[in-house]
Amino acid sequence: MSRVLNCIVAVCPDMGIGNNGNLPWHPKRLNNEFKYFQKMTMTSSVEGKQNVVIMGRKTWFSIPERNRPLKNRINIVLSRELKKPPAGAHHLASDFRSALCLLDTAEMAERADQVWVIGGSSLYKEMMESQGTRRLFVTRILQQFKSDTFLPEINQDQYRLLPEFPGVPQDLQEEAGLQYRFEVYESIDQ
């Protein structure tokens, strides 16, 4: 089945996305960015269906327990170690390909709308290098924070920056002294 794969991520200037299993910046500093993340990953384009969020095990456990599972979304956790979905997760898959196969089942085809990859780094890399149409929703935070986990480089031969995208603000954002901007990249058919 042909589907658009989306990923959503916030990055520092050096493409840092994490530090010691957490966001490099304090999440409360970017409340509006968090609302953007929620809106994008929660808003289905088909009435009666829900969007899917796919994340690695470490990303799942980095989400505060009170916020798991991510509401109004089908949560798929990837892990080669776990034998059953962690408490609250809807599905467990051993890898990204298995998660995509799960989405092709009749049950999921009836329930699932858009697919969102939300981390971590190796899952972003696999999604970015996969086949088919892919979109990267990147929040560029314009301040450097100490990071030990990074988003892979966005290859300009494989992705183009879109001049605009419905529902994505184009102007510079500022919140709690942090400036950031939203960018959307789309894969280039090769």
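## Close-up views of the predicted model

View 1. Ser79 sits in the loop between strand 4 and strand 5 (91-93); helices (H or I, at least four residues) and strands (E, at least two) are DSSP runs, numbered from the N terminus. This is a predicted model, where local features need pLDDT of at least 70 and side-chain atom pairs count only at pLDDT 80 or more, while totals for chains, interfaces and linings use all residues. Residues are numbered from 1 along each chain as its sequence is written, and side-chain values use heavy atoms, with hydrogens and water left out. Ser79 counts as buried because its relative accessibility is 6% (buried means under 20% relative accessible area, exposed over 50%, partly exposed in between; 1.4 Å probe, protein chains only). The Ser79 side chain reaches the backbone nitrogen of Glu81 at 3.0 Å and the backbone nitrogen of Leu82 at 3.0 Å. Leaving aside neighbours within four places in sequence, Ser79 is in contact (heavy atoms within 4.5 Å) with Arg57, Leu92, Ala93 and Ser94.

**View 2. Phe96 in the largest nonpolar core.** A nonpolar core is a set of buried Ala, Val, Leu, Ile, Met, Phe, Trp, Tyr and Cys residues joined through side-chain atoms within 4.5 Å. The largest one has 30 residues, and those touching the most other members are Ile54, Ile76, Phe96, Leu103, Leu136, Leu151 and Ile154. Among the elements giving two or more residues to this core are strand 1 (5-11), helix 3 (96-103) and helix 5 (121-129). Not counting residues up to four places away in sequence, Phe96 touches Leu5, Ile54, Leu78, Val117, Leu123, Glu126, Met127 and Ser130. A second, separate core of 26 residues includes Leu70, Phe145, Leu162 and Leu178.

**View 3. Aromatic pairs.** Across the whole structure, a search finds six aromatic pairs; rings of Phe, Tyr and Trp (its six-membered ring) pair if their centres lie within 6.5 Å, and planes under 30 degrees apart count as stacked, over 60 as edge-to-face and the rest as tilted. Trp25 and Phe145 are edge-to-face because their planes stand at 65 degrees, with ring centres 6.0 Å apart. This pair links distant parts of the chain, 120 residues apart: Trp25 is in the loop between strand 2 (16-18) and helix 1 (31-42), and Phe145 is in the loop between strand 7 and strand 8 (149-150). Both Trp25 and Phe145 are buried. Trp116 and Phe137 make a tilted pair, 4.9 Å centre to centre with 55 degrees between the planes. Trp116 belongs to strand 6 and Phe137 to strand 7, so their pairing ties together parts 21 residues apart in sequence.

**View 4. Strand 11 and its partners.** Strand 11 (residues 178-187) is largely enclosed by the rest of the structure, because eight of its 10 residues are buried. Two strands pair if DSSP finds at least two bridges between them. Strand 7 pairs with strand 11 in the antiparallel sense over seven bridges, and here Phe137 stands opposite Val184. Strand 9 (residues 159-161) also runs antiparallel to strand 11, joined by three bridges, with Tyr159 opposite Ser187. Strand 10 and strand 11 form a hairpin with two residues between them, and Ala176 in the turn has a positive phi of about 50 degrees.

**View 5. Cysteines.** Counting pairs of cysteine sulfur atoms within 2.5 Å as disulfides, the total is zero. Cys12 has its nearest cysteine sulfur, that of Cys7, 16 Å away. Cys12 is buried, with a relative accessible area of 1%, whereas Cys101 is partly exposed at 48% relative accessibility.

Technical notes: Polar contact = N/O pair within 3.5 Å; in protein donor to acceptor, adjacent residues only side chain to side chain.
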